[in-house]
Amino acid sequence: MDRHPLPRPGVAEDTLHGMPVRATKRGDDRTPLEGNCDVLICGASFAGLAVARELAGSGAEVLVVDRYEIGERQTSACGIPTDWLRATGLMEAERQRFGSLLIHTPHGSRRYELPWTFSTFDYRELCQLLWEGCDGRFETAKVNGRAAPANGDGAIAVETDRGVLSAPLVVDALGWRRVLASGDGFQPPDAPLSRGLEVHPDGSGEDLEVWIDRRYVPAGYGWSFPAGDELRIGVGSFDPRFHVRETTELLAEDLGRDRVRYQGNWIPHELRRATEGGVFFAGDSAGHCLPLTAEGIRTALYFGIALGRELRGVVEGRQDREAAAAAYAAFHDTHEWKFRWMLRAQRLVPRVPPRLLGPLIRLLGSRRFVDWSFGHYLRIAPPGAPSTNDEQRADQQQPDADQPLGRQRDLVEAEGA
Ligand SMILES: Cc1cc2nc3c(=O)[nH]c(=O)nc-3n(C[C@H](O)[C@H](O)[C@H](O)COP(=O)(O)OP(=O)(O)OC[C@H]3O[C@@H](n4cnc5c(N)ncnc54)[C@H](O)[C@@H]3O)c2cc1C
């Protein structure tokens, strides 16, 4: 194979194909970047960094690219089960911890004592911690899509705004746009995407709060996540056609908080294929965000770790790319029924008559029910390293879930929105 390896970190080399490389690559300062590596990870947020960290010490040349510096652009309210931070050695990034969830409806509020705690964290710090565990190289570059490979060596070529990069193992952790897929016209507002927007005013609070109130959103919820000296106040709509800016501002106003530092995005609420055209997908690009709660950080880490392990098997010569793809896709598929149930619940919530919401929230707030439901919910992606071996994969299987993935998809689609 005609390889032009990318320089490794710490190696006194400042050219790729004779082109200069600089640390800052913004606007006109972006210098050409091209070459081959063993693993190319596109996207340096939760999923991409989790994959990269699993490859540390494997000897693979890993290149991670993102249009922003690592940790520069926060992509969420950064709420996660505390045990996930603990299990992944990321506790330093924690900002605040909560043992209960306060749910508000127009007909009353109810505090749910949780069987496990939930934490908010600092995005930049968490990304830095993840990156410290990696030994790959990072470059800022905007990924435009697949490029035609220069030769027939099985490498996948990726076009960026700085040049073409190629690798035999390529990961798309770029979020819902799934830039490295074939392009199936998956676009809002027709695609199964929710929308979320939040403001980040200075301030503090004691409670993790959620609003199920049609004044803010007909199908979805509002939230306030305190994180030390900052609040993350936002609204998420399961219906992509509902614009959440006005009601995000309304919620902030109702809480007497400033409407500053906006952060928002589309949030996938259906799984997509784990692999396509030789590329591996993890996090939002594979639809790994959970429907109903729009919790996508731990699942991005969870599937990112699982994928990193399969890729490590390839670079260490224990399996080939096709075997890794089959194993990762099988792991992804065993979770589909859980995502399907969450989606059913997401579709049910807006159908509950408003006057029944208050009594229902109170009814479902019994200790036994909360422990049971939140326990199951956590086990969708339990804290720490997922097991991808056959035995534990079987544990993920629902009793009647032995239908092929395509069939399950058909069923989900047939249920309608
Ligand atoms: C308002 C809001 C609040 C949320 N709050 C929570 C929460 O509290 N808890 C939770 O679990 N989930 C939350 N989510 C969902 C969560 O943010 C996502 O599911 C999660 O970020 C997915 O991680 P990811 O690594 O797959 O993608 P992302 O975190 O979206 O990262 C994608 C990365 O790819 C980069 N990128 C994108 N396109 C390109 C390109 N063309 N070229 C180069 N780089 C590119 C981006 O810069 C980014 O770094 C929230 C979502 C929203 C919108």
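Modeller: Of the 34 residues around the ligand, the ones that come nearest are Ser45, Asp66, Thr75, Val143 and Asp284. This is a predicted model, and the distances that follow are computed from it.

Thr75 also has a polar side-chain atom 2.9 Å from an oxygen atom of the ligand. Backbone atoms take part as well: a polar backbone atom of Gly79 is 2.9 Å from a nitrogen atom of the ligand, and a backbone N or O atom of Arg67 lies 3.1 Å from a nitrogen atom of the ligand. On its own the ligand has 1000 Å² of accessible area, and the protein covers 94% of that.

By residue type, the shell around the ligand consists of 17 nonpolar, 11 polar and six charged residues. Several elements each supply at least two residues of this shell: helices H1 (46-54) and H5 (297-315), together with strands E14 (193-199), E16 (220-227) and E18 (262-268).

Arg178 has 4% relative accessibility; buried means under 20%, so Arg178 counts as buried. Its side chain makes a polar contact of 2.8 Å with the side chain of Glu276. Beyond its neighbours within four places in sequence, Arg178 is in contact with Asp172, Arg272, Arg273, Glu276, Phe281, Ser285 and Ala286.

Elsewhere, helix H7 covers residues 336-348. The buried residues in H7 include the charged residues Glu336, Lys338, Arg340 and Arg347. Phe339, Met342, Leu343 and Gln346 of H7 are buried too.

As for the protein as a whole, there are 11 helices and 20 strands. Of its 417 residues, 54% are buried. The protein exposes about 18100 Å², and carbon and sulfur atoms supply 50% of this area. Among contacts between residues at least 6 apart in sequence, 72% join residues at least 24 apart.

How values were computed. Residues numbered from 1 in each chain as written. Predicted model: local features only at pLDDT ≥ 70, side-chain atom pairs only at ≥ 80, totals over all residues. Heavy atoms only, no water. Near = heavy atom within 4 Å. Polar contact = N/O pair within 3.5 Å; in protein donor to acceptor, adjacent residues only side chain to side chain. Areas by Shrake-Rupley, 256 points an atom, 1.4 Å probe, with all protein chains shown as cover. Helix = DSSP H or I, 4+ residues; strand = E, 2+ residues; numbered from the N terminus. Buried < 20%, exposed > 50% of the residue type's maximum accessible area, 1.4 Å probe, protein only. Contact = heavy atoms within 4.5 Å. Expected span 1.5 Å × (residues − 1).
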